[in-house]
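Welcome, and please get your viewer ready for a short walk. We will select a few pieces in turn and look at what surrounds each.

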Amino acid sequence: MTTPPLFQAHGLTKIYGAGESEVRALNGVDLELFAGELVVLLGASGSGKSTLLNILGGLDVPTEGSLHYAGEDLTHADEKRLTQYRRDSVGFIFQFYNLIPSLTARENVALITELAENPMSPEEALTMMGLGERLDNFPSQLSGGEQQRVAIARAIAKRPQVLLCDEPTGALDVKTGIAVLEAIEQVNRSTGALVVIITHNAVIASMADRVIRFSDGRVANIEQNSQRQPAAALSW
Ligand code: ADP
Ligand code: MG
């Protein structure tokens, strides 16, 4: 029994600039990603990880190649459809939390849930992230790890099929970083979302089902972990 992949990329190529200044950020990526798995994407700075994540999330489009999501060709989707895809199916988490400073935790999450089809309440999403007591705090009243957990609550409240995380622990100390990874792991387990985590910290790879190594805009290697290490057991 094989499940069809949630994402299917064929020959995905992204070229920035032209002529002398041309950069091949992606250079023919073939990749399948499956519903419910937790994938860690490793690779040197500049190897194309963020470019791939942005294309998966409909923030950017490839120059060549194709990308299918749940059987749909996103490469030929118009802007309206891509907007709908981002809104309904994708949650993003970045290194910097991008919370609105003048809004409380609850209001930051509500901003997104108001646009979504079948969202959790902001209270439910924030409680899931251990912030049930901090609903009415402003970002400036929260630690870095707490702010990142508000950002995760905001990303998951719309119940996305896909959670894309670009260096989610990049700005955090080890202890806080691990707490944030535990929160992401919990989302994967409880909602069944496909989770992709970009990191340059190879230790994080042990919490994944699969580890994809990126090099020069290509998939260099894919490894299946026989067992997932709980994020709580990580240290670096
Ligand atoms: P990574 O996330 O692995 O560090 P990126 O995907 O951000 O790598 O970048 C891959 C390559 O593409 C780099 O050489 C980077 O400078 C280049 N690049 C990324 N985004 C742009 C852009 N908007 N314009 C021009 N070059 C870009
Ligand atoms: Mg990057």
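Helices (H or I, at least four residues) and strands (E, at least two) are DSSP runs, numbered from the N terminus. This is a predicted model, in which local features need pLDDT of at least 70, side-chain atom pairs count only at pLDDT 80 or more, and totals for chains, interfaces and linings use all residues. Residues are numbered from 1 along each chain as its sequence is written, and side-chain values use heavy atoms, with hydrogens and water left out.

**Stop 1: the sheet.** Select the six strands of the open, mixed sheet, ordered E6-E7-E8-E3-E9-E10; two strands pair if DSSP finds at least two bridges between them. At its edges are E6 (90-93) and E10 (218-224), each pairing on one side only.

**Stop 2: E6 and E7.** Now pick E7 (residues 162-166), which pairs with E6 in the parallel sense over four bridges. Ile 93 has Cys 165 in E7 as its bridge partner. Next, show helix H2 (residues 79-89), which packs on the sheet and touches E6 and E7 (contact means heavy atoms within 4.5 Å).

**Stop 3: Arg 228.** Move to the segment after E10, where Arg 228 lies. Is this residue buried or exposed? Arg 228 counts as buried because its relative accessibility is 18% (buried means under 20% relative accessible area, exposed over 50%, partly exposed in between, with a 1.4 Å probe and protein chains only). Its side chain makes polar contacts with the side chains of Asn 188 at 3.0 Å and Asp 209 at 2.9 Å. Such a contact is a pair of N or O atoms within 3.5 Å; within protein, one must be able to donate a hydrogen and the other to accept it, and residues adjacent in sequence count only if both atoms are side-chain atoms.

Technical notes. Chains lettered and ligands numbered in written order. Axes fitted to C-alpha atoms, helices over the stretch in contact; angles between N-to-C directions.
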